[in-house]
Amino acid sequence: MCLRDSFEEVQRRGLEPDVITFSAVISACEKGKQPEQALQLFEEMRRRGLEPDVITFSAVISACEKGKQPEQALQLFEEMRRRLEEMRRLMEDIEEEGE
């Protein structure tokens, strides 16, 4: 049974994967030299409305690199950078309100 099969079995048993679960499986696919599966899982995660975190982005960007998809890796990196910048601005706004 491969990792993807195990992931699907967990879902058949009624457990909904979260960002941590997806990140772990994406990372395992990336490390297991299965970049296409990693990218498919990333898209599935997004279809389910789950927001990737830095760990997820890191794994999927690495999968793009291994899958020889540098343009997609750069797009994902820019998206991650934008999100981090938005979070930084939000934190600054919260700090200013607290003063």
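Here is a short walk through the model, one selection at a time.

Before you click on anything, keep in mind that this is a predicted model, where local features need pLDDT of at least 70 and side-chain atom pairs count only at pLDDT 80 or more, while totals for chains, interfaces and linings use all residues. Residues are numbered from 1 along each chain as its sequence is written, and side-chain values use heavy atoms, with hydrogens and water left out.

**The whole chain**

Start with the protein chain in cartoon view. You'll see five helices and zero strands, in the order α-α-α-α-α along the sequence. Helices here are DSSP runs of H or I with at least four residues, strands are runs of E with at least two, and both are numbered from the N terminus. The C-alpha trace spans about 55 × 35 × 20 Å along its principal axes.

The accessible area of the protein chain is about 6,800 Å², and carbon and sulfur atoms account for 55% of it; the method is Shrake-Rupley with a 1.4 Å probe, and for residues only the protein chains shown count as cover. Of the 99 residues, 32% are buried. Buried means under 20% relative accessible area, exposed means over 50%, and partly exposed is in between (1.4 Å probe, protein chains only).

**Helix 1**

Select residues 3–12, which make up helix 1, and show the side chains of its buried residues, Arg4, Phe7 and Gln11. Look down the helix axis: these buried residues fall within an arc of 60°, so they line one face of helix 1. That arc is taken from the directions from the helix axis to the C-beta atoms. Contact, by the way, means heavy atoms within 4.5 Å. Just past the end of helix 1, stop at Gly14, with its positive phi of about 95°.

Next, pick Ser23 in helix 2. Ser23 is buried because its relative accessibility is 5%. Setting aside neighbours within four places in sequence, Ser23 touches Asp53, Ile55 and Thr56.

Move on to Gly32, in the loop between helix 2 and helix 3. Gly32 has 44% relative accessibility, so Gly32 counts as partly exposed.

**Two lysines with positive phi**

Which loop holds Lys33? Lys33 is in the loop between helix 2 and helix 3, and its phi is near 60°, a positive value in a residue other than glycine. Most residues other than glycine have a negative phi. Lys33 is exposed, at 69% relative accessibility.

Then jump to Lys68, in the loop between helix 4 (54–66) and helix 5 (70–98). Phi of Lys68 is near 60°, again positive in a residue that is not glycine, and Lys68 is exposed with a relative accessible area of 70%.

**The cysteines**

Finish by selecting Cys29 and Cys64. Cys29 is buried at 1% relative accessibility, and Cys64 is buried at 0%. The whole structure has zero disulfides, a disulfide being a pair of cysteine sulfur atoms within 2.5 Å.
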